[in-house]
Amino acid sequence: MARKRSTHRRGWHAANDGDHGRGRARGWRMIRGAGSMPVSWGELRLVVLGGILAGLSIAAVPDKWLRGRALAEGAAEIGLAVPGAAAEAGAGAGDVAHARFDRCSGPVRVNCVVDGDTFWMDGEKIRIADLNAPEISSPKCASEARLGARATDALIVQLNAGPFALESIDRDEDRYGRKLRRVTRGGESVGEAMVGAGVARWYGAGRRGWC
């Protein structure tokens with residue numbers, strides 16, 4: 001009985017489509033469909049790798065932009081005047097402090113905002129001397145917690161608007177070791193807009209609660 005010759009002896013793959021079989025022998029895959037062209041494994045890998053790199057680039061870029069936009073939109077919702085180019089233009093000669101701030105998280109704190117009246121800058125904790133904002137670490141009610149979160153976002157927006165000044169007052173520190181400073185831009189307190197929006201009060205305006 002005659003034995004059938006194996007089509008695998010020369011590295012061929014048996015298929016009804018002879019071109020497809022030869023394509024497999026050369027390391028090609030035939031993508032079926034109208035106007036389909038053979039694509040090599042090498043080309044396919046490049047396409048996949050390019051897609052992955054493009055996806056990583058797109059995912060990495062908008063994170064800070066979206067977060068900043070969300071903060072700005074949240075500030076606008078509570079009636080906070082969001083500073084921008086006007087704040088940069090209104091900066092005074094003494095406005096030399098500048099950093100990028102976000103919410104504080106974790107034990108290591110360099111440039112971040114704790115709440116509406118306290119932040120860290122260059123590893124130093126600063127209490128804004130002329131402001132009083134709702135508590136977020138130990139709020140007395142849900143309303144204070146929500147308002148405290150808004151005040152925190154509002155301060156982030158204000159500090160990130162451009163260079164500002166840290167002005168000393170008659171005391172250097174409070175009893176908790178925080179530096180007491182007025183934060184101003186162009187001679188005006190950055191808390192002006194926060195007080196106007198109702199998310200903070202001027203320090204010494206009385207011990208009223210936020211509930």
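User: Two strands count as paired if DSSP finds at least two bridges between them, so which residue in β5 is the bridge partner of D115?

Analyst: In β5, the bridge partner of D115 is T118, where strands are DSSP runs of E with at least two residues, helices are runs of H or I with at least four, and both are numbered from the N terminus. This is a predicted model, in which local features need pLDDT of at least 70 and side-chain atom pairs count only at pLDDT 80 or more, while totals for chains, interfaces and linings use all residues. Residues are numbered from 1 along each chain as its sequence is written, and side-chain values use heavy atoms, with hydrogens and water left out.

User: OK, and in which sense do β4 and β5 pair?

Analyst: Strand β5 (residues 118-121) pairs with β4 in the antiparallel sense, over 3 bridges, and a hairpin of 2 residues joins β4 to β5.

User: Are the side chains of β5 buried or exposed?

Analyst: Both faces of β5 are covered, with T118 and W120 buried on one side and F119 and M121 buried on the other. Here buried means under 20% relative accessible area, exposed means over 50%, and partly exposed lies in between, using a 1.4 Å probe and protein chains only.

User: And what about β3, in which sense does that pair with β4?

Analyst: Strand β3 (residues 102-103) and strand β4 (residues 112-115) pair in the parallel sense over 2 bridges, and the partner of D102 in β4 is C112.

User: Let's look at the loops: why does D117 count as buried?

Analyst: D117 lies in the loop between β4 and β5, and D117 counts as buried because its relative accessibility is 5%. Leaving aside neighbours within four places in sequence, D117 is in contact (heavy atoms within 4.5 Å) with I126, R127, I128, L131, N132, A133 and L155.

User: Where does R109 sit, and what does it touch?

Analyst: R109 is placed in the loop between β3 and β4, and R109 is partly exposed because its relative accessible area is 29%. Not counting residues up to four places away in sequence, R109 touches C104, V114, W120 and G123. The C-alpha atoms of R109 and F119 are separated by 9.3 Å, although these residues are 10 apart along the chain.

User: What about I136, where is that?

Analyst: I136 lies in the loop between β7 (131-132) and α5, and I136 is partly exposed, with a relative accessible area of 30%. With residues up to four places away in sequence left out, I136 touches V114, D115, A145, G148, A149 and T152. One of these, G148, is 12 residues from I136 in sequence and 5.3 Å away in space, C-alpha to C-alpha.

User: How many residues has α5, and which are buried?

Analyst: Helix α5 (residues 142-159) has 18 residues and reaches 26 Å from its first C-alpha to its last, close to the 26 Å expected at 1.5 Å a residue, where the expected span is 1.5 Å times one less than the number of residues. The buried residues of α5 include E144, L147, G148, A151 and T152.

User: Changing topic, what volume has the largest pocket, and which residues lie nearest its centre?

Analyst: The largest pocket has a volume of about 950 Å³, and of the 33 residues that line this pocket, R127, N132, E135, Y203 and R207 lie nearest its centre. The elements that give two or more residues to the lining are β4, β6 (124-128), β8 (165-173) and β11 (201-202), and β6 gives the most, with 3 residues. A pocket is an open set of points on a 1 Å grid over the protein atoms alone, where a 1.4 Å probe fits and protein lies on both sides within 12 Å along at least five of seven lines, and lining residues have an atom within 4 Å of a point. The points are joined across faces, edges and corners, and the volume is the space filled by probe spheres set on them.

User: Last one: how many helices and strands are there overall?

Analyst: The protein has 6 helices and 11 strands, and 31% of its 211 residues count as buried.

Technical notes. Pairing = 2+ DSSP bridges.
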